[in-house]
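Here's a walk through a protein chain, taken one piece at a time. Keep the structure open in your viewer and follow along.

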Amino acid sequence: MDDLPVVYVVSDSLGDTAAAVAFAAASQFPAGHCRIERLPKVRSVDEVDAFIDAHLTPEEPNMILFHTIASHELRAQVIYLCAKRGIFAVDLIGPAIDAMSRALKQEPSGNPGGIRVTDDGYFKRIDAMEFSINHDDGRNPEGLADADIVLLGVSRTSKTPLSMFLASKGYKTANIPLVPGIDPPKQVWDIPAWRLFGLMSTAETLSEIRYRRLGRAVGVAGTYADIERVQEDLDEARRLMRRLGCIVIRTNDRAIEETAQEILRYYHAAAEKYGASEPEPA
């Protein structure tokens with residue numbers, strides 16, 4: 001966990017919007033997720049300056065800072081400060097506010113946290129995102145019973161990106177790695193089969209992805225990407241998925257969005273069949 005990229009979030013509200021965007025952006029890179037450090041409820045640029053001083057160190061000379069600041073004056077001050085100090089800063093709300101102001105020919109209120117009043121799905125998406133982060137890669141299995149969807153799969157079958165995408169739609173999603181010779185958490189057996197989704201790919205596709213992932217370390221851990229080893233991993237995973245009775249979804253040669261749509265089709269159909277409660281898409 002220590003080698004995860006860190007994104008610093010500054011907001012005059014709680015910073016949940018910036019955090020959600022940071023997680024979505026991080027899903028496009030090999031680590032799949034990131035660590036968030038927040039400075040919420042900012043009221044002055046001096047607070048931001050002190051926050052930067054506390055986190056910008058010789059060991060971490062480059063800072064990624066996402067900010068959502070409704071006040072035009074404070075936002076401008078933060079943008080100037082970040083430029084002066086050479087911070088990689090992303091203004092997530094300013095351009096949108098400016099565009100709407102020009103289109104509507106109205107001045108924005110500049111009130112922090114307005115999204116909480118206007119977007120009923122906001123809390124649902126944030127709760128789902130936080131749940132999925134806390135239950136990524138098999139963590140906190142004791143909370144699996146609270147998941148809407150549980151994904152299982154061998155290494156590099158897109159478990160984390162899929163979890164984050166589904167969470168962005170308001171579905172609490174956990175994912176569990178299937179490792180040869182190691183039983184999954186016992187809590188998996190208590191999850192209704194229609195909430196379990198096994199992710200499968202071809203040995204050729206996974207082998208290629210794993211080789212790319214290893215990079216220069218291929219000489220040390222080459223068996224991880226060896227196609228025969230990959231096929232063994234898939235065969236063992238398939239046997240477990242049959243025992244669990246979960247729905248098997250192929251991820252090779254498909255976009256994350258396409259795979260997620262197939263999962264949700266099965267999920268909603270099964271929920272209707274069993275008369276189970278399900279979250280509305282956020």
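Where is the place of Lys-41? Lys-41 sits in the loop between strand E2 (35–39) and helix H2 (45–55). Before going on, a word on the ground rules: this is a predicted model, so local features need pLDDT of at least 70 and side-chain atom pairs count only at pLDDT 80 or more, while totals for chains, interfaces and linings use all residues. Residues are numbered from 1 along each chain as its sequence is written, and side-chain values use heavy atoms, with hydrogens and water left out. As for the labels, helices (H or I, at least four residues) and strands (E, at least two) are DSSP runs, numbered from the N terminus.

Lys-41 counts as partly exposed because its relative accessibility is 48%; buried means under 20% relative accessible area, exposed over 50%, and partly exposed in between, using a 1.4 Å probe and protein chains only. Setting aside residues up to four places away in sequence, Lys-41 touches Ser-11, Asp-12, Ser-13, Leu-14 and Glu-47, where contact means heavy atoms within 4.5 Å. Pro-112 is 71 residues away from Lys-41 along the chain, yet their C-alpha atoms are separated by 8.4 Å.

Now zoom out. The protein chain has 11 helices and 8 strands, and its C-alpha trace spans about 60 × 50 × 35 Å along the principal axes. Of its 282 residues, 42% count as buried. If you take the contacts between residues at least 6 apart in sequence, 73% join residues at least 24 apart.

Next, find helix H6 (residues 122–134). It has 13 residues, which should span 18 Å at 1.5 Å a residue, and its end C-alpha atoms are 19 Å apart, so the two agree; the expected span is 1.5 Å times one less than the number of residues. Its buried residues are Tyr-122, Ile-126, Ala-128, Met-129, Phe-131, Ser-132 and Ile-133. Helix H1 (residues 16–26) packs with H6 at an angle of about 50°, their axes 11 Å apart. Axes here are lines fitted to C-alpha atoms, for helices over the stretch in contact, and angles run from 0 to 180 degrees between N-to-C directions. H1 and H6 are therefore oblique to each other: angles under 35 degrees count as roughly parallel, over 145 as roughly antiparallel, 65 to 115 as roughly perpendicular and the rest as oblique. The residues that meet are Asp-16, Thr-17, Ala-20 and Phe-23 in H1, and Tyr-122, Ile-126, Met-129, Glu-130 and Ile-133 in H6.

Asp-137 has a positive phi of about 60° although it is not a glycine. Most residues other than glycine have a negative phi. With 48% relative accessibility, Asp-137 counts as partly exposed. Arg-156 is another non-glycine with a positive phi, of about 75°, and its place is in the loop between E5 and helix H7 (159–168).

What order do the 4 strands of the open sheet take? They run E6-E5-E7-E8, with parallel pairing; two strands pair if DSSP finds at least two bridges between them. Strand E6 (173–177) and strand E8 (247–250) are the edges, each pairing on one side only. From one strand to the next, the twist averages 30°. Strand E5 (residues 149–153) is joined to E6 by 5 bridges, and Ile-149 has Thr-173 as its bridge partner in E6. Helix H10 (residues 227–244) packs on this sheet, touching E5, strand E7 (196–200) and E8, and its direction makes about 160° with that of E7.

Leu-244 belongs to H10 and counts as buried because its relative accessibility is 10%. Beyond its neighbours within four places in sequence, Leu-244 is in contact with Leu-152, Val-188, Trp-189, Ala-193 and Leu-196.

One more helix pair to finish. The axes of H7 and helix H11 (residues 256–274) come within 10 Å and cross at roughly 65°, which makes H7 roughly perpendicular to H11. Pro-161, Leu-162, Phe-165 and Leu-166 of H7 make the contact with Ile-256, Glu-257, Thr-259, Ala-260, Ile-263 and Leu-264 of H11.
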